Amino acid sequence: MSSPSIDESNAPAQSSAFPRKSGAWHGALAGLIPLILLIVIIIVVFILTAVARQLVAASGFFAQQQAALMVLITGLVLAVGVYIVALVFTFRRVAAWKQGGAVVQVRAALWALGVTALLVVLPVLLGIVLPQQPAP
Amino acid sequence: MSSGRSPSGTSTIEAVAVTTTEGHRVRRVIVTLLTISAILTFAYSALSIYIATQLVYAPQKPIYATPASLGLIFRYVTFPSREDHLQLRGWFIPGVLSSGRLTSQRTIIMVHGVRTNRADKGAGLLKLSVELARHGFAVLAFDMRGSGESQPAPLSLGYFEQRDVLGAVDFLRSGRLPFPELGRPRVITGWGVSLGAATMLLAAAQEPAIRAIVSDSAFTDIIPILEREVPKGSHLPQLFTPGALFAARVIYGVDFYAVRPVDVVASIAPRPIFFIQGTRDAFIPPSNMGDLATAARAAPNANVQTWLVPGATHAQSFNTAGKEYVDRVVAFYTATPGQDSSGT
């Protein structure tokens with residue numbers, strides 16, 4: 001009789017702290033995947049834009065502009081597409097965790113997604129808050 | 001009873017109960033936040049890219065007249081810019097000495113302003129070129145990249161254009177000159193108006209062969225001007241300016257934040273600089289000249305002159321002051337070491 005009570009009071013107390021922590025990390029990482037994908041794709045797109053600009057430099061300004069814009073716009077559209085798909089997958093995973101009662105993962109993932117929303121809108125926020133001193 | 005229950009199990013059951021009621025609301029809030037942030041940023045990026053494409057493109061204006069229409073001999077020249085080798089078109093006008101002989105010993109590189117060309121009617125560039133040539137100074141006036149008859153290129157407001165001025169120096173020092181019988185210039189000087197002046201300062205800071213500079217209506221830093229002009233031109237709020245400047249960097253490689261003549265002007269010393277600006281310049285406020293002169297004087301051996309032209313608006317000092325402008329500029333260039341030895 002006493003051994004089960006020890007099992008219930010001591011063993012879970014030790015084992016729950018660790019899964020809670022790792023569950024939070026797991027959830028946060030899952031929630032950050034869309035943002036990570038978005039950032040990686042955008043960096044790659046910027047690099048490819050610069051490469052495209054250099055590759056067609058000899059063909060003149062208009063060809064250069066066209067190539068750079070094509071790469072940039074295609075890349076940004078692709079980035080948005082991948083971001084949306086990644087968000088859908090993340091929300092499905094969150095729903096599955098919720099069904100399984102993995103509250104720590106759910107909370108961490110939702111927090112990460114909230115942070116993602118803030119970081120995604122950061123360029124606009126920076127545009128608003130960056131100090132500008134227009135010439136008179 | 002409670003001691004017999006697993007702590008983790010209790011919190012899980014409670015939390016699940018909470019999440020079933022509040023979870024949907026939290027999830028909806030996050031989905032809304034994610035949607036709004038994505039739409040805002042996508043729209044911001046798209047508009048920034050559009051503004052950037054508008055900012056760096058200027059239709060090339062045709063040349064309306066030549067020095068021949070004002071009675072001077074000239075020849076067309078084509079030379080490459082330094083580093084990126086864009087083909088630049090211009091003309092070379094030999095100086096006319098009082099004896100009537102032609103000379104190229106003291107040559108002035110003349111650089112026009114934004115969205116115009118080497119004959120710039122508005123600033124009287126062709127007239128001034130001819131006046132200087134009649135005072136014995138040869139003139140190399142050319143169209144910067146993306147202007148006049150030169151190769152199309154993004155308008156970078158000095159960032160890339162300084163290579164054009166450096167290309168002009170290379171051309172005078174080692175290119176195939178149109179009047180080989182006159183020999184190579186012994187003294188190369190520079191004159192620029194507005195963007196041309198700022199570009200000349202940026203180029204002269206790197207090229208000691210430019211022995212004296214007349215800077216008419218230069219800006220200290222392009223960013224405050226863009227922060228004023230971009231919202232005006234795009235009819236969009238100021239918050240798009242940083243995005244547009246960043247987009248210009250990504251698409252065209254133009255770093256407008258690096259276009260700051262005020263940072264390099266001191267390195268031109270001991271070569272003389274003559275700053276000119278109109279008192280009624282509303283485009284580039286006259287305080288720019290004061291700031292540039294102060295920065296230039298920071299060098300221990302600085303040689304700086306300034307002239308605020310009463311009543312002159314932007315890039316109109318020559319048109320406003322006329323003969324006085326020519327006299328002052330000629331006096332400044334004449335004082336530059338290196339006399340013309342081809343005989344008067």
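Predicted model: local features only at pLDDT ≥ 70, side-chain atom pairs only at ≥ 80, totals over all residues.
**Stop 1**

Select chain A and colour by secondary structure. Chain A holds five helices and zero strands. Read from the N terminus, the order is α-α-α-α-α. Now colour by burial. Of the 136 residues in chain A, 29% are buried. Contacts come next. Among contacts in chain A with a separation of 6 or more, 71% join residues 24 or more positions apart.

**Stop 2: the loop at G100(A)**

Select G100(A). This glycine sits in the loop between α3 and α4 of chain A. Is G100(A) buried or exposed? G100(A) has 12 C-beta neighbours inside 10 Å, so it counts as exposed; the cut-off for exposed is 12 or fewer. The C-alpha atoms of G100(A) and T90(A) are 15 Å apart, for residues 10 positions apart along the chain.

**Stop 3: the side of chain A that touches chain B**

Show both chains. Here 42 residues of chain A are in contact with 41 residues of chain B. Select the helices of chain A that each give two or more residues to this side: α1 (2-9), α2 (11-55), α3 (61-99), α4 (103-120) and α5 (122-129). Which of them gives the most? It is α3(A), with 10 residues. Colour this side of chain A by residue class: 28 residues are nonpolar, 11 polar and three charged.

**Stop 4: α5(A) against α6(B)**

Stay between the chains. Select α5(A) and α6(B). Their axes lie 7 Å apart, and the packing angle is about 120°. The two helices are therefore oblique to each other. Show side chains. From α5(A), the contact uses P123(A), L126(A) and G127(A). From α6(B), it uses F240(B), P242(B) and G243(B). By class, this contact has four nonpolar, two polar and no charged residues.

**Stop 5: α5(B) against α6(B)**

On the α5(B) side, select L226(B), E227(B), V230(B), P231(B) and S234(B). On the α6(B) side, select F240(B), T241(B), A244(B) and L245(B). This contact has six nonpolar, two polar and one charged residues.

Technical notes
Residues numbered from 1 in each chain as written. Chains lettered and ligands numbered in written order. Contact = placed C-beta atoms within 7 Å. Helix = DSSP H or I, 4+ residues; strand = E, 2+ residues; numbered from the N terminus. Nonpolar A, V, L, I, M, F, W, Y, C, P; charged D, E, K, R; others polar. Buried ≥ 20, exposed ≤ 12 C-beta atoms within 10 Å, placed from the backbone. Axes fitted to C-alpha atoms, helices over the stretch in contact; angles between N-to-C directions. Parallel < 35°, antiparallel > 145°, perpendicular 65-115°, else oblique.
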